[in-house]
Amino acid sequence: MEADFWHQKWERGELGFHLSEANPLLVQHFSVLGLQRGQTVLLPLCGKTRDMVWLLEQGYQVRGAELSQLAVEAFFAELGVTPEMSDCGALTCYQAESIAIYCGDFFSLQPEVLGAVDAVYDRAALVALPPDMRSAYTQHLRTLSGDAPQLLIAYEYDQLAADGPPFAILPEEVAQHYAASHHLQLLNRVNVEGGLKGKVAATEAVWHLTPLQSR
């Protein structure tokens with residue numbers, strides 16, 4: 001699961017994980033975070049998700065982190081906006097009104113570059129990473145966000161029956177990564193229509209993570 005894996009996915013247009021509209025589970029459950037217009041939402045490993053457009057339309061500030069330059073450029077092209085580009089250390093920042101996407105290695109993004117975050121929306125990051133990368137990812141995400149509240153969408157299925165990504169993230173693993181820092185509330189489970197990749201029965205689990213200590 002090296003960077004080349006994802007670069008090749010974008011170059012070949014293998015975007016089975018990409019939805020043409022905002023994720024219905026985001027639309028249904030985002031209000032649980034209790035944000036006000038103008039507050040900032042971080043989307044790690046954001047790709048060119050239409051979820052960012054929906055968040056912008058609701059009046060939020062959006063911050064994304066994405067490895068693929070192709071994905072970032074495609075997002076702004078589809079948005080019909082020409083972003084300003086600037087160097088941010090090892091990353092390139094693509095910025096327009098109310099949105100900034102940091103392109104490069106997620107682990108190179110630092111809190112002082114990103115700025116304050118009011119909430120995290122993780123629909124495609126934790127499930128995209130193999131087991132040996134997840135602890136480092138969640139620790140870095142907690143550092144970046146200051147343990148902000150989070151809406152997390154995870155797949156649940158028999159990992160032996162199909163290969164990831166997206167990988168299965170079961171409740172015990174959510175607890176492994178976040179129970180020490182957040183209260184975990186399972187909001188919803190919905191069946192994946194037709195199964196995951198048409199191979200295995202799966203559900204999407206929607207989690208609301210709230211920090212145990214006041215920020």
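Trainee: In which loop does serine 98 lie?

Mentor: Please keep in mind throughout that this is a predicted model. Serine 98 has a positive phi, near 75 degrees, in a residue other than glycine. Its relative accessible area is 24%. Serine 98 lies in the loop between β4 (91-96) and β5 (99-103).

Trainee: What is the phi of leucine 45?

Mentor: Leucine 45 sits in the loop between β1 (40-44) and α3 (51-57). Although leucine 45 is not a glycine, its phi is positive, at about 50 degrees.

Trainee: Which peptide bond joins proline 165 and proline 166, cis or trans?

Mentor: Proline 165 is placed in the loop between β7 (150-156) and α7 (171-178), and proline 166 is found in the loop between β7 and α7. The bond from glycine 164 to proline 165 is cis, with omega near -5 degrees. For the bond that joins proline 165 and proline 166, omega is about -5 degrees, and the bond is cis.

Trainee: Turning to the aromatic side chains, what is the geometry of the pair formed by phenylalanine 30 and tryptophan 54?

Mentor: The structure holds six aromatic pairs. In the pair of phenylalanine 30 and tryptophan 54, the ring centres are 6.0 Å apart and the planes stand at 80 degrees. An angle over 60 degrees is the cut-off for this class, so the pair of phenylalanine 30 and tryptophan 54 is edge-to-face.

Trainee: How many residues apart are phenylalanine 30 and tryptophan 54?

Mentor: Phenylalanine 30 belongs to the loop between α2 (24-29) and β1, whereas tryptophan 54 is in helix α3. Phenylalanine 30 and tryptophan 54 are both buried. The pair links distant parts of the chain, and its members are 24 residues apart.

Trainee: How is the pair of phenylalanine 106 and tyrosine 137 classed?

Mentor: The rings of phenylalanine 106 and tyrosine 137 lie 5.3 Å apart, centre to centre, with 40 degrees between the planes. Phenylalanine 106 is in the loop between β5 and α5 (111-114) and tyrosine 137 is in helix α6 (residues 131-145), so the pair ties together parts 31 residues apart in sequence. Both residues, phenylalanine 106 and tyrosine 137, are buried. The pair of phenylalanine 106 and tyrosine 137 is tilted.

Trainee: Which residues do ring pairs link into a cluster?

Mentor: Phenylalanine 30 and tryptophan 54 have already been described as an edge-to-face pair. Ring pairs make a cluster of these two with a tyrosine, and its members are Phe30, Trp54 and Tyr60.

Trainee: What is the radius of gyration of the protein?

Mentor: The protein has seven helices and nine strands, and its C-alpha atoms fill a box of roughly 45 × 45 × 30 Å along the principal axes. A compact globule of 215 residues would have a radius of gyration near 17 Å, which agrees with the protein's value of 16 Å.

How values were computed
Residues are numbered from 1 along each chain as its sequence is written. This is a predicted model: local features need pLDDT of at least 70, side-chain atom pairs count only at pLDDT 80 or more; totals for chains, interfaces and linings use all residues. Side-chain values use heavy atoms; hydrogens and water are left out. Helices (H or I, at least four residues) and strands (E, at least two) are DSSP runs, numbered from the N terminus. Buried means under 20% relative accessible area, exposed over 50%, partly exposed in between (1.4 Å probe, protein chains only). Rings of Phe, Tyr and Trp (its six-membered ring) pair if their centres lie within 6.5 Å; planes under 30 degrees apart count as stacked, over 60 as edge-to-face and the rest as tilted. The radius of gyration is taken over C-alpha atoms; the globule rule is 2.2 Å times the number of residues to the power 0.38.
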